[in-house]
Amino acid sequence: MIALALVGHSEELLRALGAMVAQAAPLVPVVTAGGTATGSLGTSSPGILAALRVALQASAGEGVVVLFDLGSAALALEVALEELADLDRERIAVSDGPLVEGAVRAAVEAAGGAPLAQVCAVADGERATPKLPPNWPDRPGGRPVAR
Amino acid sequence: MSDDLLVRWLTLAGARVAAARERLTDLDAAIGDGDHGINLDRGFRELVRRLEAGLPGGVVAGREVSAVVLEGAGRALIGTVGGASGALYGRGFQRAGAALLGPSADAAPLDGRSREERAVIAFGAAVDAIAALGRATTGEKTMLDALVPARAALEAAVAQGATLPVAARQAAEAAEVGAEATFPLIATKGRASYLGERSIGHLDPGAVSSAILLRALADAAAEG
């Protein structure tokens, strides 16, 4: 089964997100890399690298979809990915989807036995999925523009 | 660049970063997430600790001790800074080290090059690596606004036959001018870009820390 690796600035945020994902898809392996090695807010390439390796193992070689939060997370993730062997890196797909929605959506897809590219694609797809229902009342500033 | 100067530079840089910790953090609080000084200080403390412990593998045998020192310095920053600046500076130091090893492991293309030429090669590789990882260029209110002019100044000085202390001083001056020039810029990269026009009227903390690192290099070179 495809595993998820969740990367971000806060250990607490990521731990809670891991619990949300586990509720939606208890059998999907989820590994988190939140915060720095010293427990402060931030991202850590060595921590991310370790999480990716654990996730790869937990997926029994099927592959890992990575979701991440803002700012330096992408840089730290890129540096971590370069430390991996080519064969491992090929089994990792980084999603550009939103962290929370993408993670839950991807986990449900993974639980259904979907392959790596498909799990990543549904997580990506959450970028374009409207969150407000169509009959949502008008708000100050107007309705959000449909993408 | 001699290994001895490299160690003196990094040690002095650590002290300067520690002294500037509050200033860098205040600059970052204005337009970022307010941790640049804290993060960089933590990273340089670890870097200096590892230098004093002899870096990975100890003070190694072989030609390119400086490459090993730079790679180890980068690794220390990547592992402990915990922000974009850790990945960027860390990658810069690592690629500077790699550049001193030349295009292949058994080639020795840099043998016989002066320390000035080696500094140009290493610093150029660092700036290229930072620009590539950050997908950034000058004028975006980032550390590149200090680093790119510093590189140009270093290259120009060395091309005119300047010694390393002189070239490094000119690089530091260019970096300081570049950092000051970030004041009116709109940030388009990193957390500061969230502020849009409100990022105008602040110095970029990364450009300021880059200038601090280069001033430390100039001062370390002047001593030697």
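**Close-up 1. B:Arg91 in helix H5 of chain B.** In this predicted model, B:Arg91 is part of helix H5 of chain B, which spans residues 84-101. B:Arg91 has 24 other C-beta atoms within 10 Å and is therefore buried, the cut-off for that class being 20 or more. Apart from neighbours within four places in sequence, the contacts of B:Arg91 in chain B are B:Gly74, B:Ala129, B:Ile130 and B:Leu133. B:Arg91 is also in contact with A:Val79 of chain A. B:Val148 lies 57 residues from B:Arg91 along the chain, and the C-alpha atoms of the two are separated by 16 Å.

**Close-up 2. Packing of helices H2 and H3 in chain A.** Helix H2 (residues 45-58) of chain A packs on helix H3 (residues 72-82) of chain A at an angle of about 60°, and the two axes are 8 Å apart. H2(A) is therefore oblique to H3(A). The crossing of H2(A) with H3(A) is right-handed. From H2(A), A:Ser45, A:Ile48, A:Leu49 and A:Leu52 take part; they meet A:Ala76, A:Leu77, A:Val79 and A:Ala80 of H3(A). Seven residues of this contact between H2(A) and H3(A) are nonpolar and one is polar, with no charged residue.

**Close-up 3. The side of chain A that touches chain B.** Contacts between the chains involve 14 residues of chain A and 14 residues of chain B. On the chain A side, H2 and H3 each contribute at least two residues. H3(A) gives the largest share, five residues. The side of chain A that touches chain B comprises eight polar, five nonpolar and one charged residues.

How values were computed. Residues numbered from 1 in each chain as written. Chains lettered and ligands numbered in written order. Predicted model: local features only at pLDDT ≥ 70, side-chain atom pairs only at ≥ 80, totals over all residues. Axes fitted to C-alpha atoms, helices over the stretch in contact; angles between N-to-C directions. Helix = DSSP H or I, 4+ residues; strand = E, 2+ residues; numbered from the N terminus. Parallel < 35°, antiparallel > 145°, perpendicular 65-115°, else oblique. Left-handed = near helix turned anticlockwise from the far one by under 90°. Contact = placed C-beta atoms within 7 Å. Nonpolar A, V, L, I, M, F, W, Y, C, P; charged D, E, K, R; others polar. Buried ≥ 20, exposed ≤ 12 C-beta atoms within 10 Å, placed from the backbone.
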